[in-house]
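User: I am new to reading protein models. Please show me one and take me through it in short steps.

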Amino acid sequence: MEPRFNMFGNELGAKFAKRFANASMVIANSPLPKSTQELMGLRASQINGCGWCVDLHTKEAAAAGETALRINLVAAWRETTVFTEAEQAALALAEEGTRLADADQGVSDETWAQVCKHYDDDQIAAMVSLVAMINAANRLAVIVHQKGGSYEPGMFDSMLT
């Protein structure tokens with residue numbers, strides 16, 4: 001299946017994509033570890049079925065030093081021993097923030113407490129922003145049927161120039 005629409009080939013779409021990418025750079029340049037950012041983005045993208053973003057975040061995670069084992073186990077992170085308590089809190093936030101309609105309170109108090117235990121205010125602000133941005137990116141790519149498989153590490157950064 002071919003993409004329905006080329007957002008980057010449309011003037012308005014390209015303007016939006018560039019601004020979206022620039023907003024994402026605030027998160028990328030935050031004190032939240034790059035590996036945690038990529039794991040969170042990967043988990044939300046898996047939940048949302050976004051092939052483009054799964055492709056992007058698996059490759060960027062590997063480029064950030066993540067092992068194939070940890071990348072492959074993100075989908076089943078609760079059933080593994082390879083993620084720290086802090087990373088588990090981040091993955092729980094990514095999941096609960098992505099599945100808002102599945103819970104009456106959105107992000108649980110338990111998850112929020114774990115996030116606050118392991119991260120400072122700037123990191124938390126980055127995490128909340130990341131969950132919002134990745135869910136928006138997933139929706140953009142899924143709506144237009146942007147397929148995964150062709151992403152190369154650093155490609156996203158080229159949108160900023």
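**Contacts, burial and fold**

User: Leaving aside its neighbours within four places in sequence, which residues is Asn135 in contact with?
Analyst: Contact means heavy atoms within 4.5 Å. Neighbours of Asn135 within four places in sequence are left aside. In this predicted model, the residues in contact with Asn135 are then Ala44, Asn48, Gly97 and Thr98.

User: What pLDDT do local features need?
Analyst: Residues are numbered from 1 along each chain as its sequence is written, and side-chain values use heavy atoms, with hydrogens and water left out. The model is predicted, so to speak, with conditions: totals for chains, interfaces and linings use all residues, side-chain atom pairs count only at pLDDT 80 or more, and local features need pLDDT of at least 70.

User: In which helix is Asn135 found?
Analyst: Helices are DSSP runs of H or I with at least four residues, strands are runs of E with at least two, and both are numbered from the N terminus. The helix that holds Asn135 covers residues 121-143. That is helix H7.

User: Does Asn135 count as buried or exposed?
Analyst: Buried means under 20% relative accessible area, exposed means over 50%, and partly exposed lies in between (1.4 Å probe, protein chains only). Asn135 has 8% relative accessibility. Therefore Asn135 counts as buried.

User: How many helices and strands does the chain have?
Analyst: From the N terminus on, the elements run α-α-α-α-α-α-α. The count for the chain is seven helices and zero strands.

User: What is the radius of gyration of the chain?
Analyst: This radius is taken over C-alpha atoms, and the globule rule is 2.2 Å times the number of residues to the power 0.38. For 161 residues the rule gives 15 Å. The chain comes close to that, so it is as compact as a globular protein of that length. Its radius of gyration is 15 Å.

User: What percentage of the residues of the chain count as buried?
Analyst: The chain has 161 residues. The buried share of them is 41%.

User: Among contacts in the chain between residues at least 6 apart in sequence, what percentage join residues at least 24 apart?
Analyst: Take contacts between residues at least 6 apart in sequence. Then pick those that join residues at least 24 apart. Their share is 71%.

User: How many disulfides does a search of the whole structure find?
Analyst: A disulfide is a pair of cysteine sulfur atoms within 2.5 Å. Take Cys53, which is buried at 4% relative accessibility. Its closest cysteine sulfur, in Cys50, is 3.3 Å away, so that is too far for a bond. The search of the whole structure finds a total of zero.

User: How far apart are the C-alpha atoms of Gly51 and Gln146?
Analyst: Gly51 is in helix H3 (residues 51-63), and Gln146 is in the segment after H7. Along the chain they are 95 residues apart. Their C-alpha atoms are separated by 7.6 Å.

User: Which residues does Gln146 touch, not counting residues up to four places away in sequence?
Analyst: Gln146 is partly exposed, with a relative accessible area of 24%. Residues up to four places away in sequence are not counted. Gln146 touches Pro3, Trp52 and Ala141.

User: Which residue has a positive phi although it is not a glycine?
Analyst: Most residues other than glycine have a negative phi. The residue asked for lies in the segment after H7. With a phi of about 60 degrees, it is His145.

User: Where is the place of Thr80?
Analyst: Thr80 is buried, with a relative accessible area of 16%. Arg70 is ten residues apart from Thr80 in sequence and 9.2 Å apart in space, C-alpha to C-alpha. The place of Thr80 is the loop between helix H4 (68-73) and helix H5 (85-98).

User: How far apart do the centres of the positive and negative side chains lie?
Analyst: Lys and Arg count as positive and Asp and Glu as negative, while His and the chain ends are not counted. Each charge is placed at NZ of Lys, CZ of Arg, CG of Asp or CD of Glu. The chain has 13 positive and 20 negative side chains. The centres of the two sets lie apart by 8 Å.
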